[in-house]
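This briefing covers a model of a protein assembly. Please look at the sequence and structure below before reading the points.

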Amino acid sequence: MALPPEQARVVIVGGGVIGCSVAYHLTQLGWRDVVLLERKQLTSGTTWHAAGLIAQLRATKNMTRLAKYSQELYGRLEAETGVATGFRRNGSITVALSEARREEILRQASMARASASRSRRSAPPSSRPATRMSMSRTSRRRFISTRTAKAIRPTSRWRWPRARRCAARRSSSAPR
Amino acid sequence: MRGAKIVERTKVTGFEKKGRRITGVSWTNETGESGRIACDMVVNCAGMWGHEVGRQMGVNVPLHACEHFYIVTDTVPGLTQLPVLRVPEECAYYKEDAGKILLGAFEPVAKPWGMNGIPDSFEFDQLPEDFDHFEPILERAVNRMPLLAETGIHTFFNGPESFTPDDAYHLGLAPGMDNVWVAAGFNSIGIQSAGGAGSALAAWMDTGEKPFDLGDVDIARMQPFQGNRHYLFERSRETLGLLYADHFPYRQKATARGIRRSPLHEQLLREGAVMGELSGWERANWFADPGQPAEYEYSWTRQNWFDNAAREHRAIRENVGLYDMSSFGKIRVEGPDAEAFLNHVSASDLSVPVGKIVYSQFLNASGGIEADVTVTRLSETAYLVVTPAATRLADQEWLRRHMGAFRVALFDATAAEAVICVMGPRSRDLLRRVSPSDFSNATNPFGTCREIEIGMALARAHRVTYVGELGWEIYVSAEMAAHVFEVLREAGREMEARLCGLHMMDSCRIEKGFRHFGHDISSEDHILEAGLGFAIKKTGTDYIGRDAVARRREEGLRHRLVQFMLTDPEPLLYHAEPILRDGGSWAISPRAPMATISVLPWAWATSPARASRRRRCSTAPTRSKWPGGASARKPRSSPSMIRNPKGSKPDPSPSLRERFAR
């Protein structure tokens, strides 16, 4: 079993999607001696069973900007690593069943339009899809398909969580 | 790869702590080996274990696991790729998933999990299914998507995810420590958030400064009490469902309430106060009339308190109002170097006489605003820093981290004193009825505080205002607060003094152009561009951010904070509403809280060309209707003096009194 080094610039505790993302981005900035400790296997806490919906629209400008960056990053990981991620851009539909909800969705849509026009002004063409957001159908993203959940692992290989598949089999027997 | 080493099956068992730093991490692995890593910093990305890992380091990471349910159907013949469908009112999302349908739920009352700690053995585990809990969602889902009735359920899934008290994740440098970072508590949107959050945190760790405003998720927003596990358990029942609830403006949390109460709490409730919660504080947001239900009726249009708040607003502008601001964060800075230290941290000149109150900002190295406070000099060696309730911990940490070798002590004095605000043109009359002290302009001009006798108690009267009227904030020792309130309330009856809430305060301060940290201004906003250059010291002494201020003065401003007034009073702008110019060719980034009554949203104007910095306000003066009349108001892009003193300086904007007079 591989042992951790005796010294590190930073120790990241936890190997879920966020721990891996922090490690990835620190090394992008040129950090070395980054150590990530995971008590079991990567993603084995919460990340592995995430439905993996990737909406871009958040309540404020900066949170929207961060969510948007997430989907851009996941969109290019396959090209960067050569490993299939199962990432698909499907869009989404949000349905309002009341006037109040309709109002909320319309307000979100105006936010989407604003961030779209911002990206048109300042962002490269890769963020173009955002400009197509509209009030009833916003441009959402999805990542890992739950049926083919893969450990998120910024290494050269991707792994299938065995336990996950077993769990799915166990529970498939007799749903009430 | 690329400098990161990932080690699995290796559990962290402890941390070595030296002062405010972690110096080493101990680990043990599944083959029984153990060791220690000496390190410069640590990041807590432990997800639902994050709270526990935080405790091991002495760091507060408030989150609680909840059970999250979804089902996956058997293969549906002919099902092709579909967009995600969300039906928030049925608490459901649907996702086509490799020829099957995945149906997930964000139900209104969730099931917290792991109250006694998350099991050590947890690895790709799932929790027992609970069909009774999921059934109401499934019933509606079958109605929404009838094919579910004909398709078998392949997987009934239940897995834990972590939720925070306000449904926002935790990111940043942990208060109390100088090298512990946190990224945890992702409230069911971990995949969506992780890319951006990881990138932002890495940038922050790399430079030591936030790359942009991260106030929504900065872990410094969490109050110490929010690490209480009982609190987290109760709150987490609600936060999962809030993801798909109606996000009405001013919507208050229903769980885990009543934890931090002002000494006036019961008195205010008896008077019809309707409480809102901020950072655990219960605060009177508005007062119901006798016979009117003292509760919110939420909507996207004018809510049921609108007229109440308008009457409170009018009382402040025309007569006198009382409101409770005991939730103010109060940080005492004391010691022989208190003056030098605060002059170093603050952009304002704090070498002022005892009794002087200074409106001030703490800046980061880029000139961005990290804190927006008032600083009162209480003695040669003691200052009181007053800050909004939500930012007390963050501001105190900012001070603590910049203390260096200055000989000062910092402590949180929030609970020591209640603050009763007496505001309005007749506030001086009211105070004279209950106090023999001198409140005249000569003795107690704007921006000064004095010890006073009031009723049979002692207090400190601070002549400042956040509503833009003549007024005082009465700081009174907590045990005497109820007495002082009674005395003021009694004397105020003859004058028809009105009890007011914080919706009033918001509308009054927006009307006067006073900024609110976290809403209008933040760490990414340069003090000059925020129009607060008037608060900067003129003396040559050094302070954090001085170079950035000098640079921007030389280069010219790139953005401007401007205020708009709608010509149509009907639409309500709540928060972060975009304003588009010419159909969007020039977007104005939204930062507008709602002007509850006066309909005056703020916005940051960014123009692509430097030339347009002369455009100042892009707003021509426009007209706005007030419930009691109509008037024109010229927006001010930078008030000549915030917290403008009525009576000692002229008020540049027409007051509401003038409006009502018409």
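Residues are numbered from 1 along each chain as its sequence is written, chains are lettered from A and ligands numbered from 1 in the order in which they are written, and side-chain values use heavy atoms, with hydrogens and water left out.

**Confidence**

- The model has an ipTM of 0.89 and a pTM of 0.86.
- The mean pLDDT (the predictor's confidence in each residue, from 0 to 100) of chain B is 88, and 87% of the residues score at least 70.
- In chain B, residues 585-599 stay under 50 in pLDDT, and the model gives them 85 contacts beyond four places in sequence; a contact means heavy atoms within 4.5 Å.
- Residues 606-662 of chain B are also below 50, with 141 contacts in the model beyond near neighbours in sequence.
- Where pLDDT is low, the predicted coordinates should not be read in detail.

**Nonpolar core**

- A nonpolar core is a set of buried Ala, Val, Leu, Ile, Met, Phe, Trp, Tyr and Cys residues joined through side-chain atoms within 4.5 Å; buried means under 20% relative accessible area, exposed over 50%, and partly exposed in between, with a 1.4 Å probe and protein chains only.
- The largest such core has 44 residues, and A:Ile12 and B:Met205 have the most contacts inside it.
- Elements that each supply at least two residues include S1 (7-13) and H2 (61-81) of chain A, and S4 (34-44) and H4 (190-207) of chain B; helices (H or I, at least four residues) and strands (E, at least two) are DSSP runs numbered from the N terminus.
- H4(B) gives the most to this core, with 8 residues.
- Leaving out residues up to four places away in sequence, B:Met205 touches A:Val10, A:Val22, A:Leu26 and A:Trp31, as well as B:Met41, B:Val43 and B:Trp181.

**Helix H13 of chain B**

- In H13(B), residues 546-555, the buried residues are B:Ala548, B:Val549 and B:Arg552.
- They lie on the same side of H13(B), because they cover an arc of only 100 degrees around the axis; the arc is that of the directions from the helix axis to the C-beta atoms.
- These buried residues pack against strand S18 (357-363) of chain B.
- Exposed B:Asp547, B:Arg553 and B:Glu554 sit on the face turned away from the buried side of H13(B).

**Strand pairing in chain B**

- Two strands pair if DSSP finds at least two bridges between them.
- S17 (329-334) pairs with S20 (382-387) in the antiparallel sense over 6 bridges, and B:Lys330 stands opposite B:Val386.
- S17(B) also pairs with S21 (409-412), antiparallel over 4 bridges, where B:Leu410 is the bridge partner of B:Val333.
- An open sheet of 3 strands has the order S13-S15-S14 and mixed pairing, with S13 (260-261) and S14 (273-278) as its edge strands.
- S13(B) and S15(B) run parallel, joined by 2 bridges, and B:Arg260 stands opposite B:Trp281.

**Loop residue B:Ala288**

- B:Ala288 is found in the loop between S15 and H7 (306-318) of chain B and is buried, with a relative accessible area of 8%.
- Its C-alpha atom is separated by 5.0 Å from that of B:Gly272, 16 residues apart along the chain.
- Among the residues that B:Ala288 touches are B:Gly272, B:Val274 and B:Asn308.

Methods. This is a predicted model: local features need pLDDT of at least 70, side-chain atom pairs count only at pLDDT 80 or more; totals for chains, interfaces and linings use all residues.
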